[in-house]
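Hi there,

Here is the structure I promised to pass on to you. Have a look at it first, and then read my notes below.

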Amino acid sequence: EGDFLGASRAYGVGVRMFPGDLMIRVNHAQAVAASHGDRAALPHLLNADRMATRASAPKELRMRVLVLLVRNHMSQDKAANIASTLNRALGTDPRHREARELYAKVLEKVRQYDKALVVLRELRREAPEDLQAACKLVRLAQSVASWEDFEGVIGPMMERLRNSSATELKECLQPLEVTMNPLFSEQDLQY
C-alpha cells in the first residue's frame with residue numbers, strides 16, 4: 001500500500017526546505033492523514049488553505065485543498081466546518097464533480113433526499129459511464145423508494161458491473177448491500 005509514515009517525514013522535510021510550495025504542503029497533509037489520522041492532518045490542511053487563499057493559487061489546487069478539508073471535517077463530524085468549507089468549494093468551482101458528490105453526501109446525511117437525488121441525477125447525466133455515480137444514485141433511490149430513478153439506472157448499472165473489475169464491483173456493491181440489509185442501523189450508514 002505504501003509507506004505513509006516515510007512519505008509524511010519526506011514531505012515534512014520538503015515543507016521546511018520549500019515553505020512556499022503549496023503542492024508539497026498538500027501532499028504532506030495527505031501523508032500525515034494516511035499515517036497519523038485526520039486530526040493530525042487538519043492543521044496542515046488549514047495552513048495549506050491559508051496559503052492557497054493568500055497566494056491566489058490555481059483553481060485546481062485550491063479545489064484540491066478545499067475538498068481534502070471537507071473530507072477531513074466529515075471524518076470528524078464537524079457540521080459547521082463541513083458546511084462552510086463545502087460552500088467555499090462550490091463557490092470557487094460550482095461544476096467541480098467531487099465537490100458536488102460531497103454536497104450530495106451531505107444532503108443525504110441531513111435527510112434532504114430530494115435535493116441529493118437532484119445532484120446525483122445531474123452527476124449521472126454528465127458522466128453516464130461513471131459506474132460509481134450510478135451506484136450512488138441507485139443506493140439513495142432504493143433507500144428512499146425513488147423507484148423511477150432506481151429502475152432507470154439499475155439495468156445498465158448491473159450490465160456494467162458484470163464486466164467490471166473486482167475493485168469496482170466491491171466499491172459499488174458494498175454500499176448497496178448495507179442499504180438493503182435491515183440489520184444495519186442509521187449509525188452504520190454514516191459517511
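Met 17 counts as exposed because its relative accessibility is 54%; exposed means over 50% relative accessible area, buried means under 20%, and partly exposed is in between (1.4 Å probe, protein chains only). Met 17 belongs to helix H1 (residues 4-17), where a helix is a DSSP run of H or I with at least four residues, numbered from the N terminus.

Before going on, please note that this is a predicted model, in which local features need pLDDT of at least 70 and side-chain atom pairs count only at pLDDT 80 or more, while totals for chains, interfaces and linings use all residues. Residues are numbered from 1 along each chain as its sequence is written, and side-chain values use heavy atoms, leaving out hydrogens and water.

Now to helix H3, residues 38-54. Its 17 residues reach 24 Å from first C-alpha to last, close to the expected 24 Å, which is 1.5 Å times one less than the number of residues. Which residues of H3 are buried? They are Ala 41, Leu 42, Leu 45, Ala 48, Asp 49, Met 51 and Ala 52. An α-helix has 3.6 residues a turn, so residues three or four places apart point the same way. The cover over the buried residues of H3 includes helix H2 (22-36), H4 and H5, with contact meaning heavy atoms within 4.5 Å.

Finally, some backbone angles. Just after H3, Ser 56 has a positive phi of about 50°. Asp 77, in the loop between H4 (59-75) and H5 (79-92), has a positive phi near 55°.

Enjoy exploring!

Methods:
Helix = DSSP H or I, 4+ residues; strand = E, 2+ residues; numbered from the N terminus.
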